[in-house]
Amino acid sequence: MSASTAPRAVNRRDFLKLTGLAGGGLALAFQIRSAHGGATPAGGEFRPNAFIRLAPSGAVTIVSKQPEMGQGVKTSLPMIIAEQLEVPWSAVTIEQGDFDEKLYGGQSAGGSRSTPNNYDQFHLLGATVRTMLVEAAARTWKVPAAECQAVEGTVVHSSGKKLGYGALAATAATLEVPAKENVRLKEPKDFKLLGRRIAQVDTPRIVTGQPLFGLDLQLPGMLYAVYEKCPAFGGKAVSANLDFVKTLPGVKDAFILEGNGKVKELNPGVAIVADSTWAAFSARRQLKVTWDEGKVAGESWDKFVAEARAKAAEPGQRTLRRDGDVAQALAGAAKKVSAEYLYPFISHANLEPQNTTAHFRDGKLEVWSPTQVPAAGVAMVTRVLGIPADKITLHLTRAGGGFGRRIGADYLVEAAAIAQRVPAPVKLTWSREDDLRHDQYRPGGLHFLQGGLDAQGRVTAWKNHFFTFGEGGQPGSGGSLSPDEFPGRWIPNFLAEQTMFDTGWPMGPWRAPGSCVFSWVFHSFIDELAHAAGRDPLAFRLDLLGTRDEMPAGGGGGGGKGKQGGGYSVARMRNILKFTAEKADWGKKQFPRGSGAGIAFHFSHQGYFAQVAEVTVSKDGQLRVDRFVSGGDVGRQIVNLSGAENQVEGSVVDGLGALLTQELNIERGRVVQGNFHEYPLIRITEAPAKIETHFLSTDHPTTGIGEPAIPPVAPAVCNAIFAATGKRVRQMPLSRVDLRWS
Amino acid sequence: MKYSLTVNGANRTVDVAPDTPLLWVLRDHLELTGTKFGCGIGQCGACTIHLNGVPARACMTPVSTVGRMKVTTIEGLAPAAGKLHPLQQAWTELDVAQCGYCQPGQLMTAAALLRDNPKPTDEDIDGALAGNICRCGTYTRIRQGIKRAGEILAGGKGVAQ
């Protein structure tokens, strides 16, 4: 993987700073280099900015700044630049940029933000350079620029004269960068690339097995490290048989690192450095460590579940939202429904185990890492190891899956800490067991729900006592329920309370944090209410959404922080729900006993999704998803149709996989499961027979698609199971639920 | 110990401990990193290679047991330099991969299936590929990709990108 060779020295006067247009408080600053002041490099190459290089041959190189983990941004975001630059995709080469936020703007990949954060700026970047090339042609021909047009890597004059971009590169490099008012964007009707299906640019390397991922990195003289941490979270290494381990074949060194006392940063442990991965793995089997496990060793999942059940009827520690009088409404309800919903802690289980290669020499650190948030890794290394940020070079490798796990930088700081002690480049490789037992987990949780219906079958009351897990007095990432989370704000008498168990367990964002479980709980319970009301699940949901078009954020009666809910376009949700139901032939199919359809919807990460599952459950309880239909509204423009469909298809399988089998038991402050024989992931045999994905283009900003298709998957499937069998699933994973029927 | 191996048609010699899994011989010593480490216990299939044409888990194959068996890795799947196997073509046409980490293993397993059964049904595919985990969930595209490769093998035309 080659890095950008764009000049690094940043002179403020040479830059025209374009402030980002995207909202969300994450506006980026893109800096477009003026062609003056030494920006014209040797060889006639035109480098108008950090992202685009144009060779005299006409070859175009686009630097992709975002981390790539399979979400497809290394292809889709450069497509935007190429579209506006008006070059054929076949003429474009993509390079992965190193971490350099001064040069590129923000480089975090998380929260489905890569597309919305960069979409407008990348259009402008490409269009600006196209404008310069047109101007260069106009000057060459001494004609007005208005008579010239860019067409697929050439500029054409109204007389029919034509020059390739390559031939214009040298002249373009002498021009001022135009102000954005003087740049005209191509309109969607003229798009040639956006909205098409384009294969990922790394496909040739992927299918032929060329080095690409963090773990594939080889450097001359490189050594190989493993790092043994305490099985109980955050425990300290007191002593180890280091002298013996150092005598084992291939072992170069072994030492204890103390850690910085934070379970999501540098954990205490024992490093073994060897001349091959296998030598390090083999030596580790003979490592003996005395641990100080700390108080976390007294904590177990089962104990918390029992405690939650005992406290379910008590008031929660905190009121998240209170509207109306839920007690009175429940007392006066024509029908009442109550249920307990339970989901466990699960792991991200990226197929490429965590790893990082680091080389420390002369006070400088060079790092190669599959990371989603490189800035967090650099900041953590600076904070924990005292290496100044300007002494750290970070190369972004392709990541073998992200799912939120690689927002954490614990493995990166481990590699850096080991590298500080080793006079060679060193690759740290986690085992699968390390990965499952030292993840930053999706927190489990319990919801004790009560709902009330009036005589007409309308929902008048909703009460939820939510039990979650926290760290340092706050719910863990993904364990925080927004007071605005649907159906909060829609039901006149509404009470959401929270009780939190503070633990030493590491938690982190798991694809569509919070939403990925709340949608299951709430859309399953809404289905229970629909059934109690004797209503069709779709019609019941449309009535619940109501006729207003917008639901403003806020209005919660509690102190919870609103995030995932926020301003909610009810109109967009209604439309996507109807659109999807239509695509799925909702209500038009007759199912035999044991088969049925279920529906759910969710708004998260700025995307509106509805989904319909059709399932068959055999009499002996075997589930098959026969058909899964998704409808999504992520704004005006699908960037790469193949990539977008792939994200939705993957979300369906991922959401189903988490529902089917995934579960970690935490006993005595440690994860019991160690590998895939104990923590089974979904396999091809369990994947839906058919997945259909439909997008509805609406007049709203284009937003991301890595996460919003996940949340409705589990409730759609569970609601279909109910339709098929009459069995209501109130516990994840399904492998714990008896689905047999007769 | 010194071992002489036949990897992708070439003779390669390595000096490693007898219990070293073929996976790490390929990755660390022969710099063939297309064969991936996912679990180390034969559960995920990311390390699938062929031994004498039969899919095997490189993470569970000690180098001392390889002997004269012909080792084929993802780097040796294509029929010739500059050419692609029909599966590699189909994977490109259909943009099968997401992160791509599991795909070398998927392709190696699929290659053996397709050789024995050029027109597999979904059931055939599910049966053969059940040992290969794709964490990103590309399974429906894997099914399509194998069928498409079958068409290419049978003389079907490639779809222009």
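This is a predicted model: local features need pLDDT of at least 70, side-chain atom pairs count only at pLDDT 80 or more; totals for chains, interfaces and linings use all residues.
**Stop 1**

Look where the two domains of chain B meet. Domain 1 brings 16 residues into contact with 13 residues of domain 2. Between them, these domains of chain B bury about 1200 Å², and 60% of that is on carbon and sulfur atoms.

Next, check for polar links. Six residue pairs are in polar contact between domain 1 and domain 2 of chain B. Which elements of domain 1 each supply at least two residues to this side? Select β3 (48-51) and β4 (54-57) of chain B to see them. β3(B) gives the most, with three residues. Sorted by class, the domain 1 side has six nonpolar, eight polar and two charged residues. As for salt bridges between these two domains of chain B, the rule finds zero.

**Stop 1: where chain A meets chain B**

Zoom out and show both chains. Here 61 residues of chain A and 53 residues of chain B take part in the contact. The chains bury about 4600 Å² between them, with carbon and sulfur atoms giving 55%. Select Trp278(A), Leu351(A) and Ile684(A). They supply 18% of the area that chain A buries against chain B, more than any other three residues.

How many salt bridges does the rule find across the interface of chain A and chain B? It finds five. To view a salt bridge, pick Arg285(A) and Asp19(B): their side chains meet at 3.9 Å, N to O. Polar contacts between the chains come to 30 residue pairs.

Now highlight α5 (203-208), α7 (277-285) and α16 (641-660) of chain A. Each gives two or more residues to the side that touches chain B. The most come from α16(A), with nine residues. By class, this side of chain A has 27 nonpolar, 23 polar and eleven charged residues.

**Stop 2: Asn493(A)**

Finish on a single residue. Asn493(A) sits in strand β23 (residues 493-502) of chain A. Is Asn493(A) buried or exposed? It counts as buried, because its relative accessibility is 16%, and the cut-off is under 20%. Show its neighbours. Among the residues Asn493(A) touches are Asp323(A), Asp325(A), Thr460(A) and Trp462(A).

Terms used
Residues are numbered from 1 along each chain as its sequence is written. Chains are lettered from A and ligands numbered from 1 in the order in which they are written. Side-chain values use heavy atoms; hydrogens and water are left out. Helices (H or I, at least four residues) and strands (E, at least two) are DSSP runs, numbered from the N terminus. Buried means under 20% relative accessible area, exposed over 50%, partly exposed in between (1.4 Å probe, protein chains only). Contact means heavy atoms within 4.5 Å. Buried area is the accessible area (1.4 Å probe) that two parts lose on being put together, summed over both. A salt bridge is a side-chain nitrogen of Lys or Arg within 4 Å of a carboxyl oxygen of Asp or Glu. A polar contact is a pair of N or O atoms within 3.5 Å; within protein, one must be able to donate a hydrogen and the other to accept it, and residues adjacent in sequence count only if both atoms are side-chain atoms. Ala, Val, Leu, Ile, Met, Phe, Trp, Tyr, Cys and Pro count as nonpolar, Asp, Glu, Lys and Arg as charged, and the others, Gly among them, as polar. Lists of a residue's contacts leave out its neighbours within four places in sequence.
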